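Trainee: I should like to study this model step by step. May we begin once the structure is in view?

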Amino acid sequence: MNLKVSTPTKVVKPSRRTFIDFIREQPLGFIGLIMIITMFFAAIFAPEVAPYNPEDVDFEASPALGGGQPSWEHPLGADAFGRDILSRLIYGARTALSIGFFSAMLGCTLGAIIGTTSAYFGGKVDLIIQRLIDLMLSFPIVILAIVVIAIFPKTVVVGIDINVIIAIAIPFTPKVARVIRSQALTIVTLPYIDAAKAAGYSSSRIIFRHILPNVSAPFLIMLTAFIGQAILLEASLSFLGLGVVEPTPSWGLMLSGVNSDYYRTAAWMIIYPGLAVSIAVFSFNLLGDSLRDWLDPKLKL
Amino acid sequence: MSVSKIKKYNNDVLLDVLNLSVTFELKNASVKAVDNISFKIKRGEFLAVVGESGCGKSVSALSILKLLPPKIAKIESTHLIFDGVDISNWTTSQLREIRGKRISMIFQEPMTSLNPVLTIGDQITEPLITHLKLTANEAQNRAIELMSMVGIPEPENRLNQYPHQFSGGMRQRVMIAIGLACEPDLIIADEPTTALDVTIQAQILELLKDISKRLGIAVIMITHNLGVVAAYADNVNVMYAACIIETGSSNDIFKNPSHPYTIGLLRSVPRLDKSREGKLATIYGLPPNLMNPPSGCRFAERCPIYEKQCDNSPALIDNVTSKNAKVACWKTDFAKVTGAKMYASNKKTKKSVPDVNATPILTVNNLKQHFNISLRSGWFTSKSGKVKAVDDVSFSILPGETVGLVGESGCGKTSVGRSILHLNNPTNGDINFQNISMNKDSIALVRRDMQVIFQDPFSSLNPRMTIGKILEEPLIVHKIINDKASRLKRVNELLEQVGLYTYMADRYPHELSGGQRQRVGIARALAMEPKLIICDEPVSALDVSVQAQIINLLEDLQAELGISYLFIAHDLAVVRHISHKVIVMYLGKIMEVADEKSLYSKPQHPYTKALLDAAPVPDPEIEKNRKRTILKGELPSPLNPPPGCVFSTRCPEYTKECSKLTPPLVKFTDEHFVSCIKVKEFNA
């Protein structure tokens, strides 16, 4: 049977957009992407890009002795030990980006899965998961991270500290789970979920194929927001001696500790690392926002 | 500039719109939502504007008061004379003088058009205080007066209640009261009853008509329901693709429709008052995209009598036969003569008939679906209440049969469907499908054979999956076809089967129209080759011409594949057209069951009679001579159903026994069962 129901109009192919369209439609997102790529490159090729070794000490350039102002020699100045800040920022991007990105990604993904599962099953499952989340939310982030670090043995893979990533990811999980659950609750009631149930699809299929893709908007927003938080949290952990340890360069470490004592006499010591964190977070936010719009099929015209 | 200072030049015509156009300037396109329309409305006239969704009927009404977003909507007109004054160039602050005071609006959604944090009293008195400068006390008295005028009981007490304490019908009455507050000259009602049940719809429309007659208020009613138009309107404007294509008195339009579109529209609605004559007439295709409208007659692409001439735009000219009717078609005369034959009406295909002696594919016995809800009764205490959404319902469906399930919202018809599908696990009762007694576990065995189509084509498809992926998924999950190439072939087959094009497989749902999406929903159900499809209001969100296409499709599929349907709907005419057997539900209980013919021609239960009475028929002749018994009141709370017969609180035949006895479903004839203690009396 072939019903003739609609007039054969010209077949207009819906345009599936290319990367060029992304640049044209989301210029801000593209800028964010370029900045992120630049940072990643700088981090990967740090030995080639950085003017100094980040651990080289040059006491003459130390602000404690009145030196270290930004100059041709040290474009962004030098820190209390006379180490070149630009070089330390470039090397620090390694820790910042890896820990920031991976821990936010891990935390948000776990949170999204827990949140959608909780919303999908509802009832007792929801109740128990939500009370566990309440429990986790009642601890300050840092305390929770310390506990995790204490439990897991230190593991370093390709120069990335895995247990710091886990320690930072776990406190994010309950927060993301809460937000994603509320979004998923509205999706669970929609007919297409009922249709999937009526078609006999398994619960995991419904969660992963039908609900999760539809909560990507809050997911991306939280992901980009938590990247910034993760970088700062890494700093706190480092300050407590639990994360990255001196003299390894890390943006967080550069912002804290002895460096912050110089905010009056040598402000560059905290301004530039602060700027680095802000720019990184800003770029991820730009990219995240435009990805959210870009990936929403309803906004495609 | 005050209205009274301007000389009134024609006192008879209240609103004279000439060459009104509205263009929406979007980011990368401009859409002409209203294209050069002109119409007049006299004082006290009841004008209906009909058309399918997206044809510009709401926009044209909103543009009169410039209630459109000013940055993107460009409103142009030669003149827009309201009560002798040209208001086309008025600024927003000038218009505020007449908004709500002389022209008031009633919107479609009574649920959202009232502010939930203000009391009803506040909202009715607001226009009185701002426009008429009444004091709070005067306003309150007037509000009470208005509320009793629109039939809200105990207005003094209800004045201090909030919108959530009102039902949908009552809220719409409040909206009308607000609209009437300043004694306007014109009320614009934008689909005022679309969200309401038939019995409530009849109450509201009677009220509106009565008020317009008594107070001499002109009404512009925007609607897509042709029955409503025939019953209440004096004059009708038919709109299509941003233009008025036909206008005339409601008699002209319904008796002698002259435009092929109007003819098609009238022919594509199933009739409540007539038995099925064959397949529904359908208009091919979809309305044109207004971003890029066709240059000639806008209907040309879908018109069955298209000719070369139609590539030029026809003007709205006087209709030859009727005095005040106008039509925009080159071939009006021809259309009139051939009207009866247009749209392939000779296809008098019979409904496929199920084998009465076959064993039923689905038997439902004593199905109960109760929901426990907790109600707060004090600060710290709560008591639990029980909503009996479905209470002791039994029926069966034969292979290849369509069983219609009708009733007003809240009667439990959707819950019946959901419990059969085990989307909600039934509280009690026995559901037997293909000789398998179903429960939570055995449902998995029959998932494939029992499918569902939902009402809302917008939310029943996952927006993040392409159509192809949606249709392929069940084939993968149920391991129906294991290799990719044959799966894609099957997807194409399914698309063709439901009348879609194969290239649509890589579209996303939002790229399709509502009707096309509903077809995808049907294709998804068909993918699993089911024996039974539960159709939960499958056409109620669609336009009439599309509705007819979908109904015909469902019938064709039944004839070809022998599928059974449980067709849940509130539209009695559609149910009459498609069903073999009809079940009428009220408050969780079955009121009447019968084959289609006897139910509609000899309804026995007072509720069925009232339902049939309330639904308007698209024929002004019949409507004029019809005497309605309109049901009073509203559906009682399901938390606290009346004792005895659940319908007793609204029944026109009520006597004391009704509150004592719960009537069983008794046999009236072999195929006709009624649940009313008085049925025997009616017959005697």
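Trainee: Which residue follows H17(B), and what is its phi?

Mentor: This is a predicted model, so each value is computed from it. The residue that follows H17(B) has a positive phi, near 65°. That residue is B:Gly562.

Trainee: How far apart are the end C-alpha atoms of helix H17 of chain B, and what span should its 18 residues have?

Mentor: Helix H17 of chain B covers residues 544-561. At 1.5 Å a residue, its 18 residues should span 26 Å. The computed distance agrees with this, for the end C-alpha atoms are 25 Å apart.

Trainee: How many of the 18 residues of H17(B) are buried?

Mentor: A residue is buried if 20 or more other C-beta atoms lie within 10 Å of its own. H17(B) is largely enclosed by the rest of the structure, because the buried residues number 14 of the 18.

Trainee: What are the edge strands of the open sheet of eight strands in chain B?

Mentor: The order is S19-S20-S21-S16-S22-S23-S25-S24, with mixed pairing. Each edge strand pairs on one side only. The edge strands are therefore S19 (450-453) and S24 (666-669) of chain B.

Trainee: Which residue of S25(B) stands opposite B:Val666?

Mentor: S24(B) and strand S25 (residues 672-674) of chain B run antiparallel and are joined by three bridges. The residue opposite B:Val666 is B:Val674.

Trainee: What is the radius of gyration of chain B?

Mentor: With 684 residues, a compact globule would have a radius of gyration near 26 Å. Chain B agrees with this, at 26 Å.

Conventions
Residues are numbered from 1 along each chain as its sequence is written. Chains are lettered from A and ligands numbered from 1 in the order in which they are written. This is a predicted model: local features need pLDDT of at least 70, side-chain atom pairs count only at pLDDT 80 or more; totals for chains, interfaces and linings use all residues. Helices (H or I, at least four residues) and strands (E, at least two) are DSSP runs, numbered from the N terminus. The expected span of a helix is 1.5 Å times one less than its number of residues. A residue is buried if 20 or more other C-beta atoms lie within 10 Å of its own, exposed if 12 or fewer, and partly exposed in between; C-beta atoms are placed from the backbone. Two strands pair if DSSP finds at least two bridges between them. The radius of gyration is taken over C-alpha atoms; the globule rule is 2.2 Å times the number of residues to the power 0.38.
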